[in-house]
Amino acid sequence: MMARPATIPIARADARSGAFEYVTTKKDELIGWARKFSLFPYPFVTACCAMEFMAVSSSPYDTDRFGAALPRFSPRQADLLMVVGTVTHKQAPILRKVYEQMCEPKWVMAFGVCATSGGFYQNYAAVQGIDRVIPVDVYIPGCPPRPEMVIDGIMQLQQKIATASHPILTERF
Amino acid sequence: MTQGTLDTLRERFSADGLPAEIALGTLVVHVAAPAMHAFAAKLKSESGFDMLLDVTAIDWPGRDPRFDVVWHFYSTHEHVRVRVKTAVTEGSPVVPSLTKLYGSAAFMERECHDMYGIAFDGNDDLRPILLYEGFVGHPLRKDYPKDREQPLVPYRTP
């Protein structure tokens, strides 16, 4: 588990001093703050973890408190791909396509032990962890994970977003 | 009543020269592969087994013939089940298709073809149903390593 700093660092440790760097880090901080509270999840729900996803997204656990409440059922409108459940090899091309349809910036959450590592499906049919197909930002183990674990995962992802660099213009826009 | 029905059926099948016994409360009949379609037609029309519940197979590694193809029929009038087994060899795992008699056979025969490589003569649509195009082998055969993956998406390089 990642140790959380008490406050959000203004500058990255490797940042040089200077007015431009100061403005850039302030910009990163501002954009990170905005993005971490407006996660639009796309639930890629394939299996029984869906029940746990419903439990965590509705009251009393309520992911709305973290700004991650409104599921978008089009990957083009979402920036958080929540892979909830077992992904089989037959399903993997679909998952890959959904991921590629999402606009930058995008993050991926592996929800539950099957999405994380294949779980107890150590066989020919299941992908042994979705990170073999798409990059993953946060893993939540558990079969199924407790709602507290999911909320912790969302908070760690928010921490990651808040402390990340947010280039407004990239070579890919 | 059920037991009486099963005994009557068993005697009827035995009179036709088919080995039949009652195992764990279910009537089991052994039929040769070429006679299967005619037997199922008779089962449906004369004995009232109007529902096909399951088509599956059993792999007996080391035994010759290697596979048993297993059908389960149910009679909605008598409320009894009958299990029909046919032994087929590894070299020619072919049994007649029952799709002309029971519509439910189509998907189950496809699944059995996926998992065991049993060919159903008369079923023209044996495309993969649970597996995918390009999958090599039959995963429920005992000689298929259970963790041999055949990914459709190339894995990311770490």
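Analyst: Happy to! A:D62 is placed in the loop between helix 2 and strand 2 of chain A. Helices here are DSSP runs of H or I with at least four residues, and strands are runs of E with at least two, numbered from the N terminus. Residues are numbered from 1 along each chain as its sequence is written, while chains are lettered from A and ligands numbered from 1 in the order in which they are written. The model is predicted, so local features need pLDDT of at least 70 and side-chain atom pairs count only at pLDDT 80 or more, whereas totals for chains, interfaces and linings use all residues.

User: What is the phi of A:D62 like?

Analyst: A:D62 is not a glycine, yet its phi is positive, about 60 degrees. Most residues other than glycine have a negative phi.

User: Is A:D62 exposed, partly exposed or buried?

Analyst: A:D62 counts as partly exposed because it has 13 C-beta neighbours inside 10 Å. Buried takes 20 or more other C-beta atoms within 10 Å, exposed 12 or fewer, and partly exposed lies in between, with C-beta atoms placed from the backbone.

User: Which peptide bonds are cis?

Analyst: One joins A:E104 and A:P105, with omega about -5 degrees; A:P105 is in the loop between helix 3 and strand 3 of chain A. Another runs from B:D64 to B:P65, with omega near 0 degrees, and B:P65 is in the loop between strand 3 and strand 4 of chain B.

User: Let's zoom out. How is chain A put together, from the N terminus on?

Analyst: Its elements run α-β-α-β-α-β-α-β-α, which comes to five helices and four strands. Chain A has 173 residues, and buried ones make up 35% of them. Among its contacts (C-beta atoms, placed from the backbone, within 7 Å) with a separation of 6 or more, 77% are between residues 24 or more positions apart.

User: Which residues touch the most other members of the largest nonpolar core?

Analyst: A:V83, A:M109 and A:F111 do, in a core of 37 residues. A nonpolar core is a set of buried Ala, Val, Leu, Ile, Met, Phe, Trp, Tyr and Cys residues joined through C-beta atoms within 7 Å. The elements of chain A giving two or more residues to this core include strand 2 (80–84), strand 3 (107–111) and helix 5 (147–162). Apart from this core lies another, of 29 residues, with B:V69, B:F73, B:V95 and B:I118 among them.

User: And what does A:V83 contact, leaving aside neighbours within four places in sequence?

Analyst: A:V83 is in contact with A:F44, A:L95, A:V108, A:M109, A:A110, A:F111, A:A115 and A:I130.

User: Which residues of helix 5 of chain A are buried?

Analyst: A:V150, A:G153, A:I154, A:L157, A:Q158 and A:I161 are. They lie on the same side of helix 5 of chain A because they cover an arc of only 140 degrees around the axis, the arc being that of the directions from the helix axis to the C-beta atoms.

User: Over to chain B. How many helices and strands does it have?

Analyst: Chain B has three helices and seven strands, in the order α-β-β-α-β-β-β-β-α-β from the N terminus. Of its 158 residues, 25% count as buried. The average pLDDT of chain B (the predictor's confidence in each residue, from 0 to 100) is 89, and 99% of the residues score at least 70.

User: What do the buried residues of helix 3 of chain B pack against?

Analyst: They pack against strand 3 (51–59), strand 4 (67–75) and strand 7 (119–121) of chain B. B:M108, B:C112 and B:Y116 are among those buried residues. Just after helix 3 of chain B, B:G117 has a positive phi of about 75 degrees.

User: Last one: how many residues of each chain are in contact with the other?

Analyst: Ten residues of chain A are in contact with twelve of chain B. The predictor's scores for the complex are an ipTM of 0.80 and a pTM of 0.81.

Terms used: Contact = placed C-beta atoms within 7 Å.
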